[in-house]
Amino acid sequence: MGIKENLEELARRSLEAERGGGEDRIKKQHEAGKLTARERLDALLDPGTFVELDKFKTHRCTDFGMEERKILGDGVVTGYGKVDGRQVYVFSQDFTVFGGSLSGAFAEKVVKVMDLAMKTGAPVIGLNDSGGARIQEGVVSLAGYADIFLRNVLASGVVPQISAIMGPCAGGAVYSPAMTDFIFMVEHTSYMFITGPEVIKTVTHEEVTKEELGGAHAHNTKSGVAHFATQDEKQCLAMIRELLSFLPSNNLEDPPITPCEDDPNRRDEALDALIPPNPGKPYDMRELLTSVVDENYFFEVQREYAENVLIGFARLGGRPVGIVANQPAHLAGCLDIDASIKAARFVRFCDCFNVPIVTFVDVPGFLPGTAQEYGGIITHGAKLLYAFCEATVPKVTVITRKAYGGAYDVMSSKHIRGDINYAYPGAEIAVMGPDGAVNIIFNDQIKKSKKPDEERTKLVDEYRRTFANPWKVAELGYIDDVIMPEDTRPRLIQALEMLQNKRDKNPPKKHGNIPL
């Protein structure tokens, strides 16, 4: 075969590979409100930067007549490209080819880009749209999944891993996304579950739809499996690009600094009136966060799950930071099981990738109740404590109002290696609130009093003056300064600039044993 024939064959094969499962199946994909695997990559990556690998790879199965059914690329498009000029590795599952099912060859393609990502230090982005294991290949497809799972674990904390669920993701296929750092889902067209509605109905007699069981809403509000829900695929891919803008390419780099036109010395006098003087009255912590960060922009993560704690990314003076904050507008900002797990995993991610952590504290304690105790709040609350203790990145903390009991310790206190800890003038920092403390300490005195209500009020006021304020804590050096709310932005930026060359380390060990 001559050069001309070879070039013609290359063009023919390329076109065949790019057609995937053919025009009819592509049409069905579009009718379902979904983009094709290649259209997704076009939307995700900078124009003209995608370099495809293994374009012509096919499966090697000879059972069930599969030797007669070979499609170039075998159901997944893999390669590398750029997002905002920075290299990323990608795999995009093609539902038009064997329903996006995973074969041994398919898995080899994914493993190749994951290995390259580890070697070169660049993020991995997986666009999932698959019917699961390719049944005709039997255990070969299961082995392929396990090969991918191993890479997910080895890459964890080395390069960012992001999963987008853009169609079905069921059975063993869900474990790879579950081990990645962030999961995006598309409303009404994507779902994740271990066992589908039919199996559930057979085994437990429960009737549930795919959407109710594992749709974007379910996993963003009930299970916490997913971190983002988007209205459509284009919004999903745009949000992945935005998330990457806050992250370094690997664990040896610092997050990318961007030019900041927002005055680092900007103050907001409205913050002085944001926090109600009544310690039992709620306020929206988001107002405080958006006021102090660059361009008033907070990229929130898991917005609809465990709403009593807020997590997400922002910039201060052009530097990306991870934010953890109690939300007094929901459950009074108490820490419960879900909030502890949500915040702990985010803190550990930030620590993996050198993202400084800024913590805003207004916490009355851990949520009481039998449901919490039987559900293991002790173990789950300890996860957040462990995560903050373990983190060696710069940690700056602001106590805005209440910090009571063990929750004060847990929320990045000075005692667990908080670098700079501030409090507002109205902050109450104590073992518990004045009312509860007085009932315990002065119970007999109040009972013996001729006017118990007046006596209790007097003692509560006295306790508040003595302990429920920042002065005692400042005298002990447990906070570094008492600041006015309006000064929060400049003080945070100053602290982060001071800490930018911070070096800290944990004792040598294989790994710790976080209370899972």
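Trainee: Starting with Phe-56: is it buried, exposed or partly exposed?

Mentor: Phe-56 is partly exposed, with a relative accessible area of 33%. Keep in mind that this is a predicted model.

Trainee: Okay, and where does Phe-56 lie?

Mentor: You'll find Phe-56 in the loop between E1 and E2.

Trainee: Let's zoom out. How many helices and strands does the chain have?

Mentor: There are 20 helices and 17 strands. The C-alpha trace spans about 105 × 55 × 45 Å along its principal axes.

Trainee: And what share of the residues is buried?

Mentor: The chain has 516 residues, and 52% of them count as buried.

Trainee: Which residues touch the most other members in the largest nonpolar core?

Mentor: Those are Phe-184, Ile-240, Phe-313 and Val-324, in a core of 64 residues. Helix H12, residues 337–352, gives the most to this core, with seven residues. There's also a second, separate core of 29 residues, and Leu-288, Ile-323, Val-398 and Ile-420 are among its members.

Trainee: What about Glu-108, which residue does it form a salt bridge with?

Mentor: Its partner is Lys-57, and the closest N and O atoms are 2.6 Å apart. That pair links distant parts of the chain too, as Glu-108 is in helix H4 and Lys-57 in the loop between E1 and E2, 51 residues apart.

Trainee: Which parts does the Asp-84 and Arg-241 salt bridge tie together?

Mentor: The side chains of Asp-84 and Arg-241 meet at 3.0 Å, N to O. Asp-84 lies in the loop between E2 and strand E3 (86–93) and Arg-241 in helix H10 (residues 233–244), so the bridge ties parts that are 157 residues apart in sequence. Elsewhere, shared partners join Lys-34, Arg-40, Asp-129 and Glu-233 into one network of salt bridges.

Trainee: Which residues gather in the patch of negative charge on the surface?

Mentor: That patch brings together Glu-187, Glu-211, Glu-212, Glu-304 and Glu-307. Glu-212 lies in helix H8, residues 210–214.

Trainee: Is Glu-212 buried or exposed?

Mentor: Glu-212 is exposed, because its relative accessible area is 53% and the cut-off for exposed is over 50%.

Trainee: Last one: is Glu-428 buried or exposed?

Mentor: Glu-428 is buried, at 6% relative accessibility. This residue is found in strand E16, residues 428–430, and its C-alpha atom is separated by 18 Å from that of Val-396, 32 residues apart along the chain.

How values were computed:
Residues are numbered from 1 along each chain as its sequence is written. This is a predicted model: local features need pLDDT of at least 70, side-chain atom pairs count only at pLDDT 80 or more; totals for chains, interfaces and linings use all residues. Side-chain values use heavy atoms; hydrogens and water are left out. Patches are made of residues with over 30% relative accessible area and no salt bridge: like charges are joined within 9 Å, nonpolar side chains (Val, Leu, Ile, Met, Phe, Trp, Tyr) within 5 Å. Accessible areas come from the Shrake-Rupley method with a 1.4 Å probe; for residues, only the protein chains shown count as cover. A salt bridge is a side-chain nitrogen of Lys or Arg within 4 Å of a carboxyl oxygen of Asp or Glu. Lys and Arg count as positive and Asp and Glu as negative; His and the chain ends are not counted. The place of a charge is taken as NZ of Lys, CZ of Arg, CG of Asp or CD of Glu. Helices (H or I, at least four residues) and strands (E, at least two) are DSSP runs, numbered from the N terminus. Buried means under 20% relative accessible area, exposed over 50%, partly exposed in between (1.4 Å probe, protein chains only). A nonpolar core is a set of buried Ala, Val, Leu, Ile, Met, Phe, Trp, Tyr and Cys residues joined through side-chain atoms within 4.5 Å.
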